[in-house]
Amino acid sequence: MTHDLVASLRPLLTAEATAEAHASGAEPGDLEQAVWLRLLERLETEGPPADPHRWLRCAVRAEARRARRRTRDERPYGTEPASAAEYAHEPERLALAAARHRALRDAVRRLPGRCPQVLEALLSPRDLTYREIAGELGISQGSLGPERSRCLGCLRRLLTPEVAAG
């Protein structure tokens, strides 16, 4: 029974998790894992849901909301430690800054679609305006802001595991 339920829900869960992941800031696989865990907990305590497909959609949305809250509540440090400024030109600090810069550029290159070009243009030392960037990329100036936001969200999700591992 459990095996049949899991097999029947797998395609729907994959589709729902993929659809909700982008807006929640979570990986689709993480959402799927959390929902499978919720289903197993439910099967152990209450048994199978009366309407498994509806339950699954609600569970995915609930997990996505949790992920959004978690992302919203986690705040990076605003500045480097106070002593960093006085040691900024030491070789170790310069090497670390160069490594961070390389890691950022590598992550930008791994982004999907047009995101590498958008973020490279935004990071350009030429300090291009939105109009200039839109012209270079062949997109409308009005779509550059939403595109930038989407790309920064992708970059944030891509860097989060790397920052946590560091």
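## Cysteines and a buried glutamate

Both Cys115 and Cys151 are buried in this predicted model.

Me: Happy to start with the overall fold: in what order do the elements of the protein chain run from the N terminus on?
Reply: The protein chain has seven helices and zero strands. Read from the N terminus, the order is therefore α-α-α-α-α-α-α.

Me: Nice! Is that disulfide left-handed or right-handed?
Reply: The handedness follows from the torsion about the S-S bond of Cys115 and Cys151. This torsion is about -85°, so the disulfide is left-handed.

Me: And Cys154: how far is its sulfur from the closest cysteine sulfur?
Reply: Cys154 is buried, because its relative accessibility is 14% and the limit is under 20%. The closest cysteine sulfur belongs to Cys115, but it is too far for a bond, at 4.9 Å.

Me: Is Cys58 buried, partly exposed or exposed?
Reply: Buried means under 20% relative accessible area and exposed means over 50%. Cys58 has 45%, so this residue is partly exposed.

Me: One more, please: is Glu147 buried or exposed?
Reply: Glu147 lies in helix α7 (residues 141-165). Leaving aside residues up to four places away in sequence, Glu147 touches Arg114 and Val118. Its relative accessibility is 13%, so Glu147 counts as buried.

Terms used:
Residues numbered from 1 in each chain as written. Predicted model: local features only at pLDDT ≥ 70, side-chain atom pairs only at ≥ 80, totals over all residues. Heavy atoms only, no water. Helix = DSSP H or I, 4+ residues; strand = E, 2+ residues; numbered from the N terminus. Buried < 20%, exposed > 50% of the residue type's maximum accessible area, 1.4 Å probe, protein only. Contact = heavy atoms within 4.5 Å. Disulfide = S-S within 2.5 Å.
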